[in-house]
Every structure is written in C-alpha cells, then in structure tokens.
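I opened the model to look up a few things and kept notes as I went. The entries follow in the order of looking.

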Amino acid sequence: MDIYERTDGATVLVAEVPGAKSESLDIRVDKGVLTITADGRRESLGDQYARTYTGFMGGQFFRAFALSDEVDRDNIQASLSDGLLTVTLPRAEAAQTRKIEISDG
Amino acid sequence: MATLFRWPGNWDPFAGLRVMQRELERLSGRGGFGEGRNIGGGVYPPLNVYNGPTELVVECEVPGVKREDIDLSITGETLVVKGVKHPAGESDEEIRYQRCERGSGEFSRTVVLPDKVEPEGISASLVDGILTVRLPKSQAAMPKKINVK
C-alpha cells in the first residue's frame with residue numbers, strides 16, 4: 001500500500017487488491033478507524049488443471065487505519081481500477097490553514 | 001546391434017535439466033522462473049502456472065499495470081512477461097509519500113513451459129489486475145489413443 005499527501009492537503013491511499021471486484025469491497029469509518037476489506041478469491045480452474053507452479057493465492061485483503069481529526073470523514077472517496085484501490089481522504093475544513101485577523105483593541 | 005527405438009525428432013535433451021534447475025531455484029528460495037526482479041517485496045510479478053488437459057494457463061498478479069505497459073512474447077516453450085509498473089501518484093503533481101510499499105519499475109519474468117504449445121492459439125486477458133494467458137497445447141504434447149487392430 002502507498003500513502004501520499006497531495007498538494008491540496010488530501011491524503012491518498014493506494015492499495016493493491018488483485019482479483020477483487022468492486023462489489024466485494026467494503027470501506028467504512030467507525031469510531032475514527034478506517035477499515036478496508038476486499039475479496040480477491042476467484043473460482044478455481046477445475047480439478048483437471050494441475051498446479052505446476054504457485055506464486056500467489058487469491059485471498060482476502062484487510063487493512064485498518066486510525067484517522068486523524070484533520071480528515072473530512074464525510075467526503076472520503078474510493079475508486080477501483082485494474083486491481084488498484086484508491087481512497088482519497090480530503091482535509092477537513094477546520095484543519096485548513098487560516099489567517100487570524102487582529103482586531104483593534 | 002539393431003536400433004530398438006529412436007528418440008523422436010523433437011526430443012529435447014535439456015528438458016530434464018531445465019526441470020531440475022527450476023526445482024533447485026524453487027528450493028533455494030529464488031522464486032524460480034528466471035530473472036524476476038524484486039518490486040515491492042518478492043519476485044515480481046508473482047505468477048501461477050496450471051497444466052490443463054488441452055491448455056496451459058499462466059496467471060500474473062499485476063495490479064495497477066495498464067494493458068499497454070505489458071509486453072508478452074513466446075519463443076518455443078519460453079514465455080516472457082515484461083512490463084513497466086508506474087508509481088501510483090499523479091506524475092504531474094508534487095506529492096509527498098508517507099508510505100511507499102508497492103514499488104515501481106520495469107519487470108521481466110521468464111516462464112519455461114512444461115509442454116509444447118501452439119503459438120497462434122495463445123490468448124491473454126487483463127481483468128482486475130490479473131493477467132491470464134491461455135496457451136493451447138500442441139498436438140504433439142497431447143495424449144493420443146492408439147487403437148489395437
């Protein structure tokens with residue numbers, strides 16, 4: 001998984017979920033913890049196919065992250081393409097830099 | 001002394017050696033199948049080889065790799081999977097990595113197939129980050145029933 005911060009302050013998570021369909025994905029935020037589950041299991045080719053070499057087994061994916069208060073939890077977006085899941089965590093309005101005006105005393 | 005039998009014309013004296021080399025690579029933890037490069041931990045890309053009744057199936061896990069970045073070729077019984085894995089971030093944007101586990105770069109893996117195949121009948125598809133190559137076996141590699149008269 002890659003995690004990077006964009007110039008607009010949003011944090012982007014990129015996870016490899018080969019074999020997973022979008023309907024098998026479950027992304028949720030509960031008590032400030034973001035959990036990502038995906039299912040990459042596929043139907044086997046059948047008994048007539050013998051495994052000559054095995055380098056990977058399709059499986060289930062799970063990862064959890066505690067979110068900071070700086071993440072706008074209501075506007076989290078996710079997309080899936082080519083077995084790559086991208087979750088965008090925008091920066092909350094309250095966490096943006098603000099200039100504080102000094103009032104005349 | 002009369003010749004009792006002859007090796008068939010396409011007999012490959014090194015087939016046995018190649019199988020042995022593959023087994024040794026597997027045992028020594030090198031992952032087998034040639035010059036695989038490590039990207040994001042482990043030999044990349046991970047692959048499976050299946051031997052079916054009429055075809056061989058090779059599967060590769062290449063999440064995030066685009067169709068146009070994959071180069072597949074076959075010479076005899078040697079299948080080569082080459083490609084480029086690009087980093088996830090938008091290239092024109094300045095980004096700050098906090099965690100970079102996936103890795104990126106060029107990759108190449110060589111698979112010595114366990115049977116002879118028909119190069120014309122090979123098909124490949126890329127779905128959900130898994131590349132599946134189907135290679136029909138050549139007639140010579142298929143079992144043939146012989147009728148006794």
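**Entry: B:D128.** I began with B:D128, which is partly exposed because its relative accessibility is 22%. My cut-offs are under 20% relative accessible area for buried, over 50% for exposed and in between for partly exposed, with a 1.4 Å probe and protein chains only. B:D128 sits in the loop between β9 and β10 of chain B. Helices (H or I, at least four residues) and strands (E, at least two) are DSSP runs, numbered from the N terminus. I read a positive phi of about 50 degrees for B:D128, which is not a glycine. Most residues other than glycine have a negative phi.

**Entry: ground rules.** The model is predicted, so I note that local features need pLDDT of at least 70 and side-chain atom pairs count only at pLDDT 80 or more, while totals for chains, interfaces and linings use all residues. Residues are numbered from 1 along each chain as its sequence is written, chains are lettered from A and ligands numbered from 1 in the order in which they are written, and side-chain values use heavy atoms, with hydrogens and water left out.

**Entry: A:K31.** I then looked up A:K31, another non-glycine residue with positive phi, near 50 degrees. A:K31 is in the loop between β3 (26-30) and β4 (33-39) of chain A. Is A:K31 buried or exposed? A:K31 is exposed, because its relative accessible area is 78%.

**Entry: chain B overall.** I listed 1 helix and 10 strands in chain B. Chain B has 149 residues, and 36% of them are buried. I took contact as heavy atoms within 4.5 Å. Among the contacts in chain B with a separation of 6 or more, 56% come from residues 24 or more positions apart. Chain B exposes about 9300 Å², with 54% of it supplied by carbon and sulfur atoms. The areas come from the Shrake-Rupley method with a 1.4 Å probe; for residues, only the protein chains shown count as cover.

**Entry: β4(B).** How many residues of β4(B) are buried? I found 7 of the 7 buried, so β4(B) is largely enclosed by the rest of the structure. One side carries B:E55, B:V57, B:E59 and B:E61, and the other carries B:L56, B:V58 and B:C60. Next I checked the pairing, for which DSSP must find at least two bridges between two strands. β3(B) and β4(B) run antiparallel with 5 bridges, and they form a hairpin with 3 residues between them. β4(B) also pairs with β10(B), antiparallel, over 7 bridges. B:V58 stands opposite B:V49, and its bridge partner in β10(B) is B:V133.

**Entry: cores.** A nonpolar core here is a set of buried Ala, Val, Leu, Ile, Met, Phe, Trp, Tyr and Cys residues joined through side-chain atoms within 4.5 Å. The largest has 20 residues, and B:V58, B:V62, B:L113, B:L131 and B:L135 have the most contacts inside it. Two or more residues each come from β3 (47-51), β4 (55-61), β6, β8 (105-112) and β10 (130-136) of chain B. Apart from this core I noted another, of 16 residues, including A:A15 and A:L67. In soluble globular proteins, nonpolar side chains tend to be buried together.

**Entry: B:V117.** B:V117 lies in the loop between β8 and β9 (123-127) of chain B. B:V117 counts as buried because its relative accessibility is 10%. Beyond four places in sequence, its contacts include B:L56, B:I74, B:L135 and B:P136. The C-alpha atom of B:V117 is 9.9 Å from that of B:M142, 25 residues apart along the chain.

**Entry: B:K85.** B:K85 belongs to strand β6 (residues 78-85) of chain B. B:K85 is buried, because its relative accessibility is 2%. What does the side chain of B:K85 join in a polar contact? The partner is the side chain of A:E16, at 2.8 Å. A polar contact is a pair of N or O atoms within 3.5 Å; within protein, one must be able to donate a hydrogen and the other to accept it, and residues adjacent in sequence count only if both atoms are side-chain atoms. A polar atom of the B:K85 side chain also lies 3.0 Å from the backbone oxygen of B:R102.

Entry: Last, I traced an open sheet of 5 strands, antiparallel, in the order β7(A)-β8(A)-β2(A)-β1(A)-β7(B). Its edge strands are β7 (77-81) of chain A and β7 (96-100) of chain B. Strand β1 (residues 2-5) of chain A meets β7(B) through 4 bridges. There, A:Y4 stands opposite B:Y97.
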